[in-house]
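Try each task before reading its solution.

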Amino acid sequence: MNAPLTSPPFARRDMLRGSCAGFGYLALQGLLGLESAKAAVVDPLAPKQPHFPARAKRVIFLLMKGGPSQVDTFDPKPMLERDHGKPPPFALPRVKFAETGNLLKSPWKFRQYGQSGLPVSDLFPHVAKHVDDLCVIRSMHGTNPAHGGALLKLHTGSDTFVRPSLGSWISYGLGTENSDLPSFITICPTLAHGGVNNWGSAFLPAHCQGTPLGNASVSAEQAVVRHIRNTSLTPELQRAQLDLVSQMNHSHLEMAGANAALEARINSFELAYRMQSTLPDLQDISGETEATRKMYGLDDPVTANFGRQCLMARRFAERGVRFVQVTHSDSFVQWDQHGDLLKGHTKNAAEVDKPIAGLLADLKSRGLLDDTLVVWGGEFGRTPVAQGTDGRDHNPHGFTMWLAGGGCKPGTAYGATDDYGYYAAVDKVHIHDLHATILHMLGLNHEKLTYRYAGRDFRLTDVAGEVVKGVLA
């Protein structure tokens, strides 16, 4: 039959439906059956069962951007103090970020705290009171001496390719506990040194990527999700608009078959609509007690900004967000003291010490620390040798991170650097090992949490990584 020239062209499925009494379309429906079943999944971020019983349900990552010095915070070195000013009695790495000189002792004293007797420097007097809840990993090491590569390695497991971030993998593996909120939120993230790739989902589904609240150039008080308010339409009109768009999209899906991208878009519209009422209320801290505000340091301009971020992290974790990142950063790369170490680290520690202690105390008092894993650290550490006269250079070869809660072994120090704190020496923990361990504590097998892309199965730890059993309770 000759169709008029003005008739719209037939789609292939229309042709198959109408030809040969519809037998072609019947075969096509059989081929598409599996895809249609997959498309029936309504919420891609619905809670998922872990591979095995989990120690933790969620993660709060406290990122000290720039690289805090391990030998000035949680890894005391008596021999460094003894040999201050002398040439280093060990070989330096062949590849260095910058030229360095003689050994430089810490300007801060270390003291033992708690029943565990773990030493903490005078930089962190408030965190030190919670040392019996900490598992201090002193033998971290990475592969990249530059901020950009090291931050990407810490966040994604790769410093050479665009890969999904840790929070995205956790979102993909576990979904969210609260359908009205994203599963992954990053508060005041830095836009430098990897930028959005540090919280991106890369080839994982788009709903796994982090939702940023502001950025490092915005105060925590002003940090919000972009376009969280619709100033043009009332909630009722938005609901009607979304219902119409959803109806049209689902009609298209019924005709065209499964389409993962379109399904994700439909779900993103719905989540964005729900977030308009949920997120502003969650960010409103007016209901917090005066004692809670003081505990986080909101009454002090030095600690107020980071304190608000930490308080928001507790509120998000309490409401079921799987992964919350809090970033301590500014235009000076914060912990990056190539010079004037005493002034820089003193300022930085003063801004975060009380808020972090407040977060740990608050989580513990609410019973949240048992199943919330808190991770603290930077992209690398600093050298025990001087850069210039009073600074320290980047050091990815040996540095410190600590864990708290979530089933880690409290009041312990794991691993060690050498006598001067330059190289990880005992029970070395690579970034891949840290990632494998974090996933393990969430009930995820890092070798089984994979995603097929470009013809191969990818995972966060690539082809490496071992669970560090010595940090597990």
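The exercises below concern a predicted model, and each comes with a worked solution.

**Exercise 1. The chain as a whole**

Task: Find how many helices and strands the chain has, and what share of its residues is buried.

Solution: Start with the secondary structure, which gives 13 helices and 17 strands. Next, take the 473 residues of the chain: 53% of them are buried.

**Exercise 2. Two helices side by side**

Task: Describe how α6 and α13 pack, and decide whether they are roughly parallel or roughly antiparallel to each other.

Solution: Two quantities are needed, because two packed helices are described by the angle between their axes and the distance between the axes. For α6 (residues 147–156) and α13 (residues 431–441), the angle is about 30° and the axes are 9 Å apart. Angles under 35 degrees count as roughly parallel, and α6 and α13 are therefore roughly parallel to each other.

Now list who touches whom. From α6 come K153, L154 and T156, which meet I431, H432, L434 and H435 of α13.

Of its 11 residues, 10 are buried, so α13 is largely enclosed by the rest of the structure. Among the buried ones are D433, A436 and M441. Just after α13, G443 takes a positive phi of about 85°.

**Exercise 3. Aromatic pairs across the sequence**

Task: Count the aromatic pairs, then work out which parts of the chain the pair of F74 and W376 ties together.

Solution: With ring centres required to lie within 6.5 Å, the count comes to 16 aromatic pairs. One of them joins F74 and W376, at 5.3 Å centre to centre and 70° between the planes, which makes the pair edge-to-face. F74 sits in the loop between β1 and α4 while W376 belongs to strand β8, so the pair ties together parts 302 residues apart in sequence. Both F74 and W376 are buried.

For a second case, take F203 and F458: their rings are 4.9 Å apart centre to centre, and the 45° between the planes makes this pair tilted. F203 is in the loop between β5 and β6 and F458 in strand β17, 255 residues apart. To widen the view, follow the ring pairs: they link W169, Y172, F203, Y451, Y453 and F458 into a cluster.

**Exercise 4. A buried arginine**

Task: Find what R315 is in contact with beyond its neighbours within four places in sequence.

Solution: First locate R315 in helix α11. Its relative accessibility is 11%, so R315 counts as buried. Setting those sequence neighbours aside, R315 is in contact with D281, L282, D284, I285 and E288.

Conventions. Residues numbered from 1 in each chain as written. Predicted model: local features only at pLDDT ≥ 70, side-chain atom pairs only at ≥ 80, totals over all residues. Heavy atoms only, no water. Axes fitted to C-alpha atoms, helices over the stretch in contact; angles between N-to-C directions. Helix = DSSP H or I, 4+ residues; strand = E, 2+ residues; numbered from the N terminus. Parallel < 35°, antiparallel > 145°, perpendicular 65-115°, else oblique. Contact = heavy atoms within 4.5 Å. Buried < 20%, exposed > 50% of the residue type's maximum accessible area, 1.4 Å probe, protein only. Phe/Tyr/Trp six-rings, centres within 6.5 Å; stacked < 30°, edge-to-face > 60°.
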